[in-house]
2 protein chains.
Amino acid sequence: MDILQLGKKAKEASRILGGLSAEIKDKALFEMADSLLQAKYEILSANEKDLGAAREKGMSDALMDRLRLNESRILSMARGLKDLCDLPDPVGQGEIIKRPNGLTIMRQHVPFGVIGIIYEARPNVTSDAAGLCIKSGNSVILRGGSEAINSNKAIVSALISGAVKAGIPEDSIQLLEDTSHESARALMKMRQYVDLLIPRGGSALIKAVVENSTVPVIETGVGNCHVYVDESADLEMAKNIIINAKTSRPSVCNAAETLLVHKKVAESFIPEALRALEKRGVEIRGCQETCRIFPGAKPASEEDWATEYLDLILAVKVVDNIDEAIEHINKYGTSHSETIVTKNYDSASKFLSRVDAACVYVNASTRFTDGGEFGFGAEIGISTQKLHARGPMGLKELTTVKYLILGNGQVRL
Amino acid sequence: MDILQLGKKAKEASRILGGLSAEIKDKALFEMADSLLQAKYEILSANEKDLGAAREKGMSDALMDRLRLNESRILSMARGLKDLCDLPDPVGQGEIIKRPNGLTIMRQHVPFGVIGIIYEARPNVTSDAAGLCIKSGNSVILRGGSEAINSNKAIVSALISGAVKAGIPEDSIQLLEDTSHESARALMKMRQYVDLLIPRGGSALIKAVVENSTVPVIETGVGNCHVYVDESADLEMAKNIIINAKTSRPSVCNAAETLLVHKKVAESFIPEALRALEKRGVEIRGCQETCRIFPGAKPASEEDWATEYLDLILAVKVVDNIDEAIEHINKYGTSHSETIVTKNYDSASKFLSRVDAACVYVNASTRFTDGGEFGFGAEIGISTQKLHARGPMGLKELTTVKYLILGNGQVRL
């Protein structure tokens, strides 16, 4: 199918989907989950094909791991869909404004219409994104990485067969089978049919989408996150926080990438903390002062400060004061998640107000930046931009508003 | 000053401005207003220069009128700034989420940082936009049309001298004196310093910004608005509404451009309504059926259905039923403001849910789409896009959110 045609069908389907009740959408999510489980052998065999091709191309182990499906991963995709049923429907909620002239203005949340998702070779995103879009009443156009195309085809076919059982229009879930750059670019320009584009993946993907898209975009997920240990920090707490932020799941966007340490506690904090990190397999890249205090560190280059490693590597810098720390974060950070460890009220206040990021913490790990941890239920990503949504994006962020105005003949004077 | 330098300074100023209290910002708005009044002769003489140059270039009367300032217009610019003081400060408000693990999450409204405004030769936009940005804690980069450059320089110079008296950083208000296309394009690409771009003007300007900007954009103001007179309409009410929507202020975006009439009421409604419109100087361009019923109408072309006249011209079409009306609106409309006149509950419901626009009315004039009329106070424009803001944009829409998370050592399990 030609991509414009696909966009048009998604748009037409969205007009029906947007008006369906929560009951029908939740039934669809249940059917989609069941359908995934029933199709598990087809999905696994399609995934085998993708894995085989990836192996031949010499894909790295980390990427192969993201591409790989197994029974438990399919089970968790299905559980993810069923969990969405427990969340409130964001559509139709809103506020009422009664005006002196008698007009009743309803500000109501409505679906966007069609949401495009551009992502890499992670087949679980296919079902997560489709589930969130259906729940929020939006058609979805999925454009996953070419390496996962067989897995994605099998997953989408299962999802559609479940959705239609509940009365959801078949065209609400669309997979772009053409995974060329041209197809992605066409999707980015299809303003007449696509209302919102969400890229999910590495910084190169996101940059390409931001620079080429005329469809409105929400940037997600690039996280060069910092832990700053203030002069007055509880050093035991600081150690626990950096260990958690760096090592509990290094491949995710809310993991810490750089540790900043106030010079007055550098001698007392750095050796013990970095030893503990090294024991957990973390490679340390330090500034000159860090390398002096902790000779096990490799010297960091300018590039290290700007790098999201997504790996067991940590850049460490000793700073003169909190101002230098904040300046460093605002310069090199990606406005995702930043934390200060301190006992000082003024330091905490200054850090909270001056650091320009979606989530700014005091005395807690950056790893909490997550829709589930914030109590929003599922999330489609972490927005690092300021327009529309910032931080974890739940179902409500997949809606827009519409003003419905009820009158009885009012005209403007 | 080079434009990157100007962006950098605006960004630096925004870090200070964003932390200032409502008290200081309101004092600045007062000073800015006084300063405008004090500089009125400088402003008027700069405006004379612009008008002279425009006259030589043969600018149309309508555009000349937009460009022209006089004492009463300057007074109203000053009053606009003072009126902003009465509105609540959107910055710092928000909600609290207390999590089971003890984390306190504050979802707080904060300024964007730097907002760019690209507009045409309307010098009053200069002071309106600057006032709204300062009140919401944002630095502003103003890029007005070349025809108004002398007026804009005089206005901005007055605004800055007022703002600094109250302690607002001088660099918070920046005028792009270079009004070339290159300077506008540079502004559209300055993601490192500009957080949001709002184009205000005609559809060509907005299209250019949407297609060229990598800075996030909010589209505003193109309104190809419709009045649909349903089979069951109160025809007297319908006549009043179309007269109001078309003629009360034809040059604004919430004015109606096309009248759709159900065929069953066409014979009884069209002659009287169109005569009343003609009496008010409206030129009628009708479909074949309209021209048959009302021979004074000129035949409408395909282009008429898609045109925002912003003038005393009205396209009129007879439709078979409400579905055809809705389809016509969703095809040719610009998702701004649409109204149905009906006594039928099902028609009203269908129109409200199926018409895809920022503001959908029943039995009221489209002219109410306005921040003031909605009770929001001042507005920076009417958003016709779905991301971030839709419909009238008040001060709150000039803020983003930031999550501030207070812990006491929490790490993620």
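1. Before anything else, the contact criterion: two residues are in contact if their C-beta atoms, placed from the backbone, lie within 7 Å.

2. A word on the source. This is a predicted model, in which local features need pLDDT of at least 70, side-chain atom pairs count only at pLDDT 80 or more, and totals for chains, interfaces and linings use all residues. Residues are numbered from 1 along each chain as its sequence is written, with chains lettered from A and ligands numbered from 1 in the order in which they are written.

3. On symmetry: chain B goes onto chain A by a rotation of 180° with 0.0 Å of shift along the axis, at an RMSD of 0.0 Å. That is the relation of a two-fold axis. The superposition is by least squares on the C-alpha atoms of residues with pLDDT of at least 70 in both copies. Of chain B's residues, His388(B) comes closest to the rotation axis, its C-alpha being at 1.8 Å.

4. Strand β16 of chain A (residues 399-410) pairs with β13(B) in the parallel sense, over five bridges. Within that arrangement, Ile405(A) stands opposite Tyr361(B) in β13(B).

5. Domains next, with bounds from an automatic or database domain assignment. In chain A, domain 1 is 3-220 + 380-406 and domain 2 is 225-368. Taken over C-alpha atoms, their centres are separated by 34 Å. Six residues of domain 1 of chain A are in contact with seven residues of domain 2 of chain A.

6. One residue worth a look is Cys225(A), in strand β7 (residues 225-229) of chain A. Is Cys225(A) buried or exposed? Cys225(A) counts as buried, because 28 C-beta neighbours fall inside 10 Å (the cut-offs: buried at 20 or more other C-beta atoms within 10 Å, exposed at 12 or fewer, partly exposed in between, with C-beta atoms placed from the backbone). Leaving aside neighbours within four places in sequence, its contacts include Asn254(A), His336(A) and Thr366(A).

Note on methods
Pairing = 2+ DSSP bridges. Helix = DSSP H or I, 4+ residues; strand = E, 2+ residues; numbered from the N terminus.
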